[in-house]
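Colleague: I'm new to this one. Could you walk me through it?

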Amino acid sequence: MDAIPTPDQLRKLDLLANTVKESMRMYHPLGLNIREARTDAILPVGGGPAGKDAISVSAGQMIVYSVAGLQRNKATVGADANVWDPARWDTWKPKYGDYLPFSIGPRQCPGRVFGRFQIQYILVRLLQEFDSIEWCGLGGDDGTEEMKIKVELNLKCAVPVLCNFTARC
Ligand code: HEM
């Protein structure tokens, strides 16, 4: 397909959607997120040695949570939570709160449909314009090193990810 993809066409590409969902699971751009409790509250789970007890939170306390950690949790994703596998989305249906690339609740991202669409569109356009995109390894190494991320307020690749793009003739 050479024509510019339409939203309707993009919506039908399940593998593309699963690839984006899986990449947002493992390499979500928001490394950490923060909330401040407006009132005294009880979080139903997360406390105790097994993380299954309630935690009390006082008004004004800051809660920092890791989106990256949450979305790689083996208890919710599965034993292969650290493996990038778009095919998991054929069967894996995350429960409310186990996968939140656009957050949840009243402050969730209002640009989520547009944001997902933009990524899908750019991926299709890259595949249309280039015959091959070859990974050259991380930061110029021999290509054997594993992908590493740097978790900050915004998550980034720890070292440059270099690729060779070969344009279509
Ligand atoms: C893949 C792309 C995007 C991702 C991963 C993303 C993710 C997020 C997340 C996680 C939040 C919640 C932040 C928090 O809890 O404090 C958020 C909020 C927000 N996003 Fe996005 N976003 C994306 C694209 C966009 C786009 C394209 C727009 C606008 C066109 C947008 C506009 C906003 C706005 C205005 C908020 C603040 C909402 C509020 O606080 O009420 N985002 N986004």
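Predicted model: local features only at pLDDT ≥ 70, side-chain atom pairs only at ≥ 80, totals over all residues.

Colleague: Okay, how many helices and strands does the protein have?

Modeller: There are 5 helices and 8 strands. Those are DSSP runs numbered from the N terminus: helices are H or I with at least four residues, strands are E with at least two. Starting at the N terminus, the order is α-α-β-β-β-β-α-α-α-β-β-β-β.

Colleague: And what box do the C-alpha atoms fill?

Modeller: Roughly 65 × 40 × 30 Å, taken along the principal axes. Of the protein's 169 residues, 22% count as buried. Buried means under 20% relative accessible area, exposed means over 50%, and partly exposed is in between, using a 1.4 Å probe and protein chains only.

Colleague: On to the ligand. Which protein atom is a donor to the iron?

Modeller: The single protein donor is Cys109 (SG), 2.2 Å from the iron atom of the ligand. Donors are N, O and S atoms within 2.8 Å of the metal (3.2 Å for Na, K and Ca), and water is not among the atoms, so sites may look incomplete.

Colleague: Where does Cys109 lie?

Modeller: In the loop between helix H4 (74-77) and helix H5 (112-129). Cys109 counts as partly exposed because its relative accessibility is 28%. The unreviewed UniProt entry also places a "binding site" feature at Cys109. UniProt positions are in the numbering used here, feature names are shortened, and annotations may be inferred rather than shown by experiment.

Colleague: Which residues come nearest to the ligand?

Modeller: Of the 14 residues around the ligand, Asn33, Arg35, Phe102, Arg107 and Cys109 come nearest. A residue counts as near if one of its heavy atoms lies within 4 Å. The shell divides into 8 nonpolar, 4 polar and 2 charged residues. Here Ala, Val, Leu, Ile, Met, Phe, Trp, Tyr, Cys and Pro count as nonpolar, Asp, Glu, Lys and Arg as charged, and the others, Gly among them, as polar.

Colleague: How far are the polar side-chain atoms of Arg35 from the ligand's oxygen?

Modeller: One of them lies 2.6 Å from an oxygen atom of the ligand. For Arg107, a side-chain N or O atom is 2.7 Å from a ligand oxygen, and for Asn33 that distance is 2.8 Å. Strand S1 (32-36) and H5 are the elements that give two or more residues to the shell.

Colleague: Switching topic: how many disulfides are there?

Modeller: A search of the whole structure finds 0, where a disulfide is a pair of cysteine sulfur atoms within 2.5 Å. Cys136 is in none, and its nearest cysteine sulfur, in Cys163, is 6.0 Å away.

Colleague: Last one: is Ser103 buried or exposed?

Modeller: Ser103 counts as buried because its relative accessibility is 16%. Ser103 sits in the loop between H4 and H5, and its phi is near 65°, a positive value in a residue other than glycine.

Note on methods. Residues numbered from 1 in each chain as written. Heavy atoms only, no water. Polar contact = N/O pair within 3.5 Å; in protein donor to acceptor, adjacent residues only side chain to side chain.
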